[in-house]
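Hello,

Here is the structure I promised to pass on. Please have a look, then read the notes below.

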Amino acid sequence: MNRTKPKERITILVDTSRDTGWSNGLIQVKPHKIYQTTNNHDYIKETVLRNYDVLTICSNTQLKYTEIELKLILDFVEDGGGILLAGSTSRFERDVREPITEMGINQIASQFGAKFLSLAEGQGEMDSDANPLRGYTKKDIRFNKHEITNGMGIDDLGLTYCGILDCPSDSEVFLQHSSTKDPIGICLQWGLGRVLMINTQLFQQENHLVSTQFLDWLGINRISLTKGSETIPDEIHIEEHVKEDGNISIFYTDFVANRVDTCLMFAKQLAEYMVAKFPLSKELNLKINLVPSCIHEYSGEDTMMTIGGCVHTSRLAYSLGVETSDLIAHITPFSVVMDVMFDGYPFLFGIWGMKILGFEREADLMLSDLEEQFSKNSKTLDTIDISRIYDKRSLKPIWIMIKLVEKYGEELFIKLAVNRSETDMNMPRTTFSWIDSLIYFISRAVDEDLFPWFNEIGTAVHPLPLLPADSEEFVDQVRLYLYNIIRDPTADTNERIYAIESYCEIIDQSERETNALIAKLNSDDRYDRLISSIELIKKCDDRGVTTLEKLIDDSKHDDLVAIAVLALVRHGVSSDYVDQLIEIAPNQDSKYQLETGYLLAKIAHPAADKFSYDRLTDKTGESILTIETEWDKDLNIYAIIEGYRIATCNTIVHTHHFPNYTLVHGTYIRWLHTKPQFRRKGLAQFLLTATLSHELVQRHACISLRTSTRNTAHAMYRNFGFVDGHTVPVFSKALHYEQAKVVEGVVIRPYKVGDEVLMKKVRNTFCKDMLNSRPRTAKRHRISDTQFIYLAEMNGTPLGYVMVQCNQEAKTVFIKEFCLIPISDDSSNSDSDFCEDIGAMFLSTLHNELVKRDYKQISWYLDGEEKKKYIRKLFSNIGYTLEDTDWVWMFKIINLPMLLSELSPLLEERLKGSDVFRDWQGTIAIKGTEHQASLTVKDGIIHVSADSLPEKGIYISTDDDTLTNFILGIYTPYDAYLQNQLHIKPTINSSVGGLLETLFPKQ
C-alpha cells in the first residue's frame, strides 16, 4: 500500500457507547484543524456516521451492537471509511469472565473475517499486581515493516498484556510475537475502506504518535459528506438517568440499566456496614457514576466514584470495595491507610467488600491467585526489602497486608482509622523511612510491636518507640536511638551523618540557639562537640569550623574524622581538607563516595573523575551507581544503587499549546525525585542529564515542567537551560454579602443541560491568546450541592461563566474556571468598562449565593488569566487580593528549527493580522548560545531552516535564555535589545523593532 498525504481534515467518531474507559487519548487527539473528533455515547446512527471518515471502537465489554448498527458499520467501511478496533482479551477474561466469543468487539471483527483471541492456557505472563492478566508483554513483541509503523518503535506504543488475532489471509500483520509470529496488530483493505485491529490497549492516555499515525492511515480514502465544521459536534450525548435511595445516587445510561439494581443493593449493604464500623466525620453519601466499562476509579471531587457496570458480579463487588476505601479515607481520620503498602490496602479492602457482599469463595480464589504468584517468585520476593522499594511495584507489600489481616482479622481496617498526624511527628525522614512510620502506625493500632516481625521478613527497620509521637517520652527515646547511631563506629559513615541531621531536627529550639551550641563546644564528650560544630557551620559560625578542625587534629585515626572532613568540605568552609576527603572516601560506604564525587565536581577538582558515577565501583568491581530505563510510551529513568531504585525521573509525551491554539509537540517532566537519604549527591542532575539526552526527548521540539521557586531543584533546572515561564498567582477574598450590580439586559443564571456548547465557545474565545491553554470541547457537566456553574448572557449571547468547587467542611470555595469575554473585539475603554460591569454583576451574584450557603473564603489559582488587564482590574475592584504563589512553569528549547516550524502557523497569522507587515518578505536569522535557525517569509508563508548565517536579512544574536523568553512572549526581542541582552544586524529602527514585536509580541 502506498501512503499518500492525508486530506486536510479527518473527522473521527470515537464510539464510547459500549466502553467509556479506553478512548480518552483518541478523543483528545490534536490539532482540531486536522483531527476533528466526536465522542459518541449513543447508538450509532446513519445520519451521524455519514459525516465521518474514521470510526474508532475500543472496548473490553460484552455489550453488543444491533444488527442495524453492524450493517451501518460495514457499509461505512465499504464506502471508504476507516475503522479502528482495539480490545484486550486478557482484561475481558479477567473482568467479564465470559467466553471470548461474547466479547462485543468480536461481533464487529467477525464482519471483516477476523477474531480477537486469548492466549492458550499457560502462555504469556501474569501481571505483577493483585489482578492477574495473561498476555504477551513488550519484550515478546516486534514490529513488521509497514507504513503504519514508520518512525515508531515498540517503546512508543505503551503496550499492556497483548492477546492475539485470527485474521483473514489478505490482511497485513504489523505487530506480532517475535518467535511464535502470532499476530497482535493487523490491517486490511475492505471495499474502498480500511480496517486496523490490535489486541491490546493503547488509547487511554493522549498519545499523538500512535493515534495520529493510525488515524492518518485509516482516514486516507474517504472524504466525509460534511460541509463545514459547524455540523460536527464535540460530544453526542445519550439520556442519563438517576436512581436514588437515601444517601445513594446512581447515574447511568440505558446501556448499563440492567446493573443498576445490583449496584444499588451492593452500595447500600456496603454503606450500612461502613457506617456501623467506622468513626465517620460526616454523613456517608455514595455517588456512583455507573458506566459501560470495566474500569473503576474515585475522583475525590464531589465524592464521585466511577464504577464499570460491565464486569462480572463478583468483580462489581470488588470494584465497589476498592473505591469505597477511597471514600472512607476522605471522611474518616483514615487517610494514612491510603499509603499503606502501595496497592495492599485498596486490594484487601476490595476483598473485604466482596466478602461483605457474599462472594467469599471468589475472594478466596483471588487471594489464592495472589499467593500462587508470590510462591512462584518466593526466592526473589523473600529478598525484597520493602523499606528500600522506591517507585517500584512488588507483590510483597500486598502479601504482608494479607498476613496482617490473617493475624488480626478484618477488624484491622477499623483499628487503622486514627489520625494521620500521629505518624508524621518527630520521625525525621533522613533516618526513619516511611516504612518505619507505617510499622509504628500499625503497631500502635494492634497494640503489638511489629518491628521484630518486619525485620524477620527482610525489612531493614529503624524501630520507633510505641508512644504517642507528640509526647516528650517519644522524642527522648528517638533522640537516644539517634545518638547511639552517631556514636556507633561500626555503622556506615553516611548513616551516622544522617543521624546527626535527624537528631538536630527534633531537638528543642532552645538547643539550636547559637549560645547553647557554643556552650557544648567545651563538652568533654567529643560527639557533643561534633554535633554542635556541624550545626554552627550551617549558621556560618567560624567557631564550628575551628572545633571540627581540632577534632580532626586530635583524632588522626578516629572514626569521627570522616564525618568532620565531609562536613567541612560539604559546607564549603575550608578547602584545606579536600585532599584528606579524597584519601578517606574509598574506604567509606557508597553514599559517602557518591557525595565526595559530587562535591569534587562542584569545585572542578581533578580527582572528581575518580569518583564519577561511571567509575565508582564496589569491592567486587561492580558499578556502585547504574541507570535503569523503562520506556513504554512514558519514559522512566531510575538511579540504582546496590540493586535498589533510589531516584527517578518520569517524562511523558506532551503537547504544548501556544496562542491561537498552535500546537508544539514536546515532552514534560512529571516527576523528578530522590529518596531523602540520597540527596545532595547530584543524582537529580545525573537523571536529568540522562533524560534530556534520551531519544524520546531529543525527537521533540521542547520540554517543560512545573516546580516551586522555593524548591532547591529550581536553580538546577535553570542551570540546565529551563526558563521560568509564567507563575501561578492566586486571587482570594473573604466572602460577605454585597449589593449586586445590575447591568441592563444582562442575565445571570445557573447552568442547564445544553449550556456546555455555549461554555465551549466562551472558553475558547477567552483563552485563544493564552499560552498553555487547550481548545475546549463541549462536555456535559454534573451539578451538585458543592459543584455548580453560573452563566452570564445578554439577549441570548453568552458573555461568560464561572465554575466553582466548594469544600463544605473548610467552608472554602475554589473557582475552577472563570471566563469573561468582551461583547465585541473592540478594545476601547467603553467596551472594557462594560465588560468589568458585567463581571462585577456576575461575581457579586455568585458571592451572595455562597454567603447564603455559609461559605467564608473564595480563591482562584490563575494560569495566565491574570495577564488580561480587564480581569485583573475586575477582581481587584471587587475586593480580591492577588498574591504570587511559589509555583512556576518552566520551558526549555530542545530543537529550535523544529519549534519554529511548529510555530509557523501562529507567526504567519500574526503577520497577516498586521496592517504594516502583512506583505513583508525577507529572512530573520536567530542565533543563540546553542540553538540557531532562520525564518524566511515569502508570500505570507514562513519557511524554517537550521541555517543562521544568511547573506542578507535580519540577524539576531543572543543567549538561549533570552531567545526562549521572547518566543514565550515574556518580553519582546526589542525589549531584550534595549536591555543589551540581544544584538541585531545590520541595524535597528522602529520598523525592524515593530516587525519583531509583531512576530514575537509580549503576552
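The expected span of a helix is 1.5 Å times one less than its number of residues. Helices (H or I, at least four residues) and strands (E, at least two) are DSSP runs, numbered from the N terminus.

Two points on provenance. This is a predicted model, in which local features need pLDDT of at least 70, side-chain atom pairs count only at pLDDT 80 or more, and totals for chains, interfaces and linings use all residues. Residues are numbered from 1 along each chain as its sequence is written, and side-chain values use heavy atoms, with hydrogens and water left out.

Helix 18

Helix 18 covers residues 493-506. At 1.5 Å a residue, its 14 residues should span 20 Å; the end C-alpha atoms lie 21 Å apart, which agrees. The helix is mostly covered, with 12 of its 14 residues buried. Buried means under 20% relative accessible area, exposed over 50%, partly exposed in between (1.4 Å probe, protein chains only). Among the buried residues are Arg496, Tyr498, Glu501 and Cys504. What covers them? The cover includes helix 17 (472-486), helix 19 (509-512), helix 21 (526-538), helix 23 and helix 25 (590-602).

Cores

A nonpolar core is a set of buried Ala, Val, Leu, Ile, Met, Phe, Trp, Tyr and Cys residues joined through side-chain atoms within 4.5 Å. The largest has 193 residues, and Met197 and Phe347 have the most contacts inside it. Helix 23 (residues 560-570) gives the most to this core, with 10 residues. A second, separate core has 48 residues, including Met759 and Phe842.

Contact means heavy atoms within 4.5 Å.

Ser732 sits in strand 23 (residues 730-734). At 15% relative accessibility, Ser732 counts as buried. Its contacts include Gln857, Ser859 and Tyr880, not counting residues up to four places away in sequence.

An open sheet has 5 strands, in the order 33-32-31-34-35, with mixed pairing. Two strands pair if DSSP finds at least two bridges between them. Strand 33 (941-945) and strand 35 (982-985) are the edges, each pairing on one side only. Neighbouring strands are turned by 15° against each other on average, direction ignored. Axes are lines fitted to C-alpha atoms, for helices over the stretch in contact, and angles run from 0 to 180 degrees between N-to-C directions.

Strand 32 (residues 932-938) pairs with strand 33 in the antiparallel sense over 5 bridges. Lys938 stands opposite Ile941 in strand 33. Helix 32 (residues 896-912) lies across strands 31, 32 and 33, at about 165° to strand 33.

Best wishes
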